[in-house]
Amino acid sequence: MFKWKVSAVAIALAALSTLPARAEPGVDKDTIKIGMFAPMTGTSAIFGRYTIGVRAYYNMINAQGGVNGRKIEVVLEDDACNPATAVAATKRLVSQEGVFAVHAGVCTAAVMAVKKELQRENVPFMNLGAAGASLVDPIASNLFSPLPNTTTVAQTMVNFAMSRPNTTRLAIISHPDDWGKSQLDPAIQLLKDKYKIEFVENVTMERGATDITPQILKLRAAKPDVVVTFLYPTETAIFVRSAHKYGLDAPLLGCFGAPYEDTVRRVDDPEATKNLYIFHALGGSPDGPELAKWVDMIKKYGSPDGAIGEYDLSGIGGAQVMVEALKKAGPDLTREKFIDALNAIKNFDTGVLSAPISFSVDDHAGVKSGEMMTSVDGKLASVKTWPSQKK
Amino acid sequence: MSDMSKKNAGGRIGLVVTLLVLLLLFAAPKFANGYVVYILAMMCINAMMATGFNFVIGFLGQLVFANTAFFGIGAYTYGIVLVHTGLPFPVAFLAACLAGGIAGLIVGLPALRLTGFQLAIVTLAFNELMRWVYLHSGAVGGGASGMEMPDAQFLGIELIGDRSKYIFILAVTVIALWMVRNIARSTVGRAIVSVGASELAAASLTIPPVRYKIAAFGLSGFFTAIGGAMFALLLGRVSPESFSLGQLLLGFAMVMVGGMGTVVGPVLGAILLTAAPEFLRNIAGAEEILYSFLLIGLLLFMPSGLFGGLCALFPSLRERHLGATP
Amino acid sequence: MLGQLILSGISQGAIYALVALGMTVLYRTTAVLNFGYGDTFMLGAFVFYVFLKIAGMPFALAALMTIAVMIIVGLLIERLLIRPIAARPHLLIAMMTIAISYMFRGATRMIWGRDVQPMPALFDFPPIFIGDMVLTSQNVVIMVAAALLVILFFSFFNYSSLGKLMQAASHSPRGAALIGVNVPLFSACMWALSVAIAAIAGILVAPVTLLYPDMGAATLLKAFAAMTLGGFGNLGGAVLGGVVLGISEQLCGGYISTSFMDIFPYLVILVVLLVYPAGMLGRAEITRV
């Protein structure tokens with residue numbers, strides 16, 4: 001009795017192993033499977049909103065006929081911004097779901113945890129919203145980033161600060177974590193190399209801290225012309241509030257991750273935010289005319305979670321180059337052809353980001369600039385250099 | 001006489017079942033995909049962490065929240081030795097386990113003077129302190145961006161890719177659990193449990209509480225650090241994010257759900273709570289609430305965990321070293 | 001700068017003191033250390049937000065409603081979750097409080113998880129300037145409210161007969177039951193009281209910080225540090241510990257390094273418990289066999 005069970009299993013296994021392997025994982029005649037992971041739960045769940053615009057875009061493409069006759073199917077997993085969870089999610093997407101490519105990741109630590117693995121298996125990987133420069137440096141042949149990374153952000157902000165007339169004293173506050181440091185270091189470097197100066201004060205703030213009186217007082221004592229901040233959204237708002245409370249009235253620069261409109265709403269004090277500038281990658285504001293069609297797209301094809309803001313829109317550029325490369329790779333779709341098509345993208349204007357996306361074989365940092373969002377004469381304005389009307 | 005043979009029969013069935021399960025597990029890479037193999041490896045790692053935690057919280061019965069710290073010490077020691085000293089893999093791995101044990105002993109010393117809640121608080125603080133250390137570990141520990149592990153080699157076999165790593169991790173886990181089982185049944189194990197039940201009573205039976213309390217801490221650190229080193233091996237990198245309070249509470253839940261104070265319990269809890277998130281993953285926000293309901297339900301109706309519940313149904317499963325069940 | 005740091009430290013410390021006080025009240029009277037207290041405080045802040053911003057109630061009404069709702073929550077928890085396991089080892093009760101904290105956090109995250117909520121300032125008085133220092137209306141409110149509550153509790157527990165009865169009951173529930181104290185009712189009242197204090201702390205702090213589901217965790221650890229510093233289980237110690245912690249934290253950040261501010265409470269806990277576990281006002285516990 002025992003014996004025939006064994007032989008039955010053996011025969012079944014043998015039969016299974018003779019089945020032809022799939023031509024290319026994640027691709028069949030009707031669909032292209034794309035795997036996605038983002039923090040949908042946990043302390044960074046707000047960044048899960050990057051998936052909203054991207055999925056709406058893919059839905060729209062499907063509604064218009066798909067890519068070379070195939071519809072895009074998105075499989076979404078939650079990584080809770082935790083490296084180990086991201087690894088599990090990725091393995092599930094690649095080994096279990098058999099996706100063709102991965103369009104994922106908002107937390108740099110999570111993406112770095114899967115970077116080596118995906119490179120080994122040469123799975124095309126488009127960054128969804130992570131900002132770490134280490135994503136593309138050292139470069140991996142399969143990993144592309146369609147958004148400005150932390151080095152770009154830091155440099156843009158420093159250059160912007162120095163574009164203010166008669167500016168010689170810059171101060172800075174940042175988080176001591178990886179994200180903060182990956183902006184602090186390039187900022188210090190640029191200040192030294194290009195402008196030959198150093199920050200007059202450099203303080204840190206823990207994520208989750210609610211009181212930063214010592215930091216504000218130290219910054220104030222250094223009498224800066226401009227204060228640069230590399231803080232998460234909540235902490236940026238707390239900083240702006242506290243700065244105003246203690247009379248630190250130098251102009252404040254916020255970084256990528258705390259949208260201007262949200263910060264102004266959170267601070268809830270126009271006096272405190274009148275000299276606030278925040279980096280953003282978009283080519284306009286979510287309620288402005290430039291991005292209106294994308295907002296409408298999300299409303300029509302996506303599942304918006306409340307009011308549509310910067311996070312919802314920021315991933316769309318990446319989705320566009322994904323579709324473009326899928327189209328260019330042709331109906332006989334393979335991962336190699338797809339990656340070649342991505343590498344061939346030059347000066348692709350997304351209509352969403354403020355700068356076009358370009359990739360090449362040795363450079364996968366697709367976007368190398370951004371702008372600062374502020375309000376001039378009561379209206380939202382996206383600026384590249386210091387507006388003359390303001391202090 | 002027939003009662004004895006029933007117990008022996010039960011023991012024999014248990015042995016056969018265990019061997020079959022082990023066979024299946026070792027053969028898993030042949031017929032399971034990379035994802036399943038990875039999850040199985042994580043189960044082993046979590047089982048190790050929960051087992052280590054169980055030494056203080058289950059056997060010794062003290063609220064000690066240092067498990068994530070030991071886990072991290074194991075992971076980082078492994079990484080630092082491998083990256084900075086160039087010593088071979090087995091040395092790095094062993095160093096990690098020993099570091100955990102030593103850390104356990106160090107934490108155990110002041111623990112002698114402190115009572116229940118104070119101990120809980122001091123170990124919580126220790127946990128957070130270690131995380132700050134990882135964050136500021138700069139060039140040595142990779143600091144905030146974490147440390148990348150070079151590929152490891154064991155007995156000439158390259159440990160790259162999930163399958164080979166999994167076999168190694170599984171083997172280590174099996175050996176370690178067998179060690180724990182023997183410790184639990186030995187004088188040391190029983191002494192720890194009796195000290196945990198009542199220090200005064202134990203002392204009156206000439207069991208020196210001090211020695212066994214420290215032993216419990218050292219063992220806890222040692223076994224948890226094994227889990228930490230395996231974690232670093234599997235993931236290929238360590239970063240401070242992996243050693244947060246959330247991780248601590250998860251380990252805690254594993255021991256509770258599985259059954260405190262038993263050898264099988266934490267393993268059971270680890271298996272369950274490693275697999276569960278994989279199914280729950282896409283229900284936003286529900287995870288935390290479901291966990292809390294699970295814990296509350298267990299605390300109210302089945303405080304000895306799942307294994308305790310199983311033992312109530314099948315008394316022959318009960319571990320021999322345990323006296324009366326809580 | 002020194003003056004401003006101390007002022008800010010007192011204001012911060014007042015919050016720590018309040019939270020530590022609430023925890024100590026519960027601990028002294030029921031021997032339960034509520035590991036979910038930080039998240040209770042967070043829940044209080046969110047409930048207040050609901051009444052104030054979503055229901056649009058005036059401040060005073062919203063505050064009262066919040067306290068009322070939170071008291072009900074506290075009573076429910078005591079009755080349904082704590083009382084059934086009250087006789088079991090403290091380990092299990094502590095675990096229950098941890099499970100409760102998970103529940104609160106999961107609930108608020110499910111509803112508000114995707115964003116951070118701002119709260120309007122409580123009072124709109126312009127800040128007071130004392131020389132070079134700034135004292136905002138928020139600071140004043142927090143300090144005054146905390147001081148009032150502390151005085152209230154102190155006098156109640158130490159000078160009223162009911163308070164003294166409560167202290168006795170906490171030391172020996174059996175003895176208390178023997179002389180006719182309704183222990184379960186007493187326990188329920190203490191939970192309600194403790195939760196109410198957390199709610200008040202949440203109401204005071206919410207406008208200063210911003211609301212998000214994880215705001216309770218850090219506060220919990222600070223409260224632990226305050227209780228440890230001041231002497232575990234000592235009401236006055238909790239308050240003193242909170243204020244001293246707040247001030248020294250600010251001073252550390254201002255004069256030593258802002259990055260040490262993050263682990264300052266943990267260092268305090270470690271140093272105190274290793275060197276002098278009794279804390280400032282506590283007494284070393286001697287168990288006589």
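# Briefing: chains A and C of a predicted model

Of the 391 residues in chain A, 59% count as buried, where buried means that 20 or more other C-beta atoms lie within 10 Å of the residue's own, exposed means 12 or fewer, partly exposed means in between, and C-beta atoms are placed from the backbone. This is a predicted model, in which local features need pLDDT of at least 70, side-chain atom pairs count only at pLDDT 80 or more, and totals for chains, interfaces and linings use all residues. Residues are numbered from 1 along each chain as its sequence is written, while chains are lettered from A and ligands numbered from 1 in the order in which they are written.

**Chain A overall**

- Chain A has 14 helices and 12 strands; helices (H or I, at least four residues) and strands (E, at least two) are DSSP runs, numbered from the N terminus.
- Chain A has a radius of gyration of 23 Å, close to the 21 Å that the globule rule gives for 391 residues, so it is as compact as a globular protein of that length. The radius is taken over C-alpha atoms, and the rule is 2.2 Å times the number of residues to the power 0.38.
- Along the principal axes, the C-alpha atoms of chain A fill a box of roughly 85 × 45 × 40 Å.
- Among contacts in chain A between residues at least 6 apart in sequence, 68% join residues at least 24 apart; a contact means that two C-beta atoms, placed from the backbone, lie within 7 Å.

**A helix pair in chain A**

- Helix α13 (residues 316-329) of chain A packs against helix α14 (residues 335-343) of chain A at an angle of about 120 degrees, with the axes 8 Å apart. Axes are lines fitted to C-alpha atoms, for helices over the stretch in contact, and angles run from 0 to 180 degrees between N-to-C directions.
- α13(A) and α14(A) are therefore oblique to each other; under 35 degrees counts as roughly parallel, over 145 as roughly antiparallel, 65 to 115 as roughly perpendicular and the rest as oblique.
- The residues of α13(A) in this contact include Val321(A) and Leu326(A), and those of α14(A) include Phe338(A) and Leu342(A).
- By class, the contact of α13(A) with α14(A) has seven nonpolar, no polar and two charged residues. Ala, Val, Leu, Ile, Met, Phe, Trp, Tyr, Cys and Pro count as nonpolar, Asp, Glu, Lys and Arg as charged, and the others, Gly among them, as polar.

**Chain C overall**

- Chain C has 12 helices and two strands, and along the sequence they follow the pattern α-α-α-α-β-β-α-α-α-α-α-α-α-α.
- The radius of gyration of chain C is 19 Å, close to the 19 Å from the globule rule for 289 residues, so it is as compact as a globular protein of that length.
- The C-alpha trace of chain C spans about 60 × 45 × 35 Å along its principal axes.
- Of the 289 residues of chain C, 54% count as buried.

**A helix pair in chain C**

- Helix α1 (residues 2-30) of chain C and helix α5 (residues 137-159) of chain C pack at about 30 degrees, with their axes 9 Å apart.
- α1(C) and α5(C) are therefore roughly parallel to each other.
- The residues where α1(C) meets α5(C) divide into 13 nonpolar, two polar and no charged.

**Where chain C touches chain B**

- This contact takes 36 residues from chain C and 31 residues from chain B.
- α4(C) gives the most to the side of chain C that touches chain B, with 15 residues.
- That side of chain C has 27 nonpolar, four polar and five charged residues.
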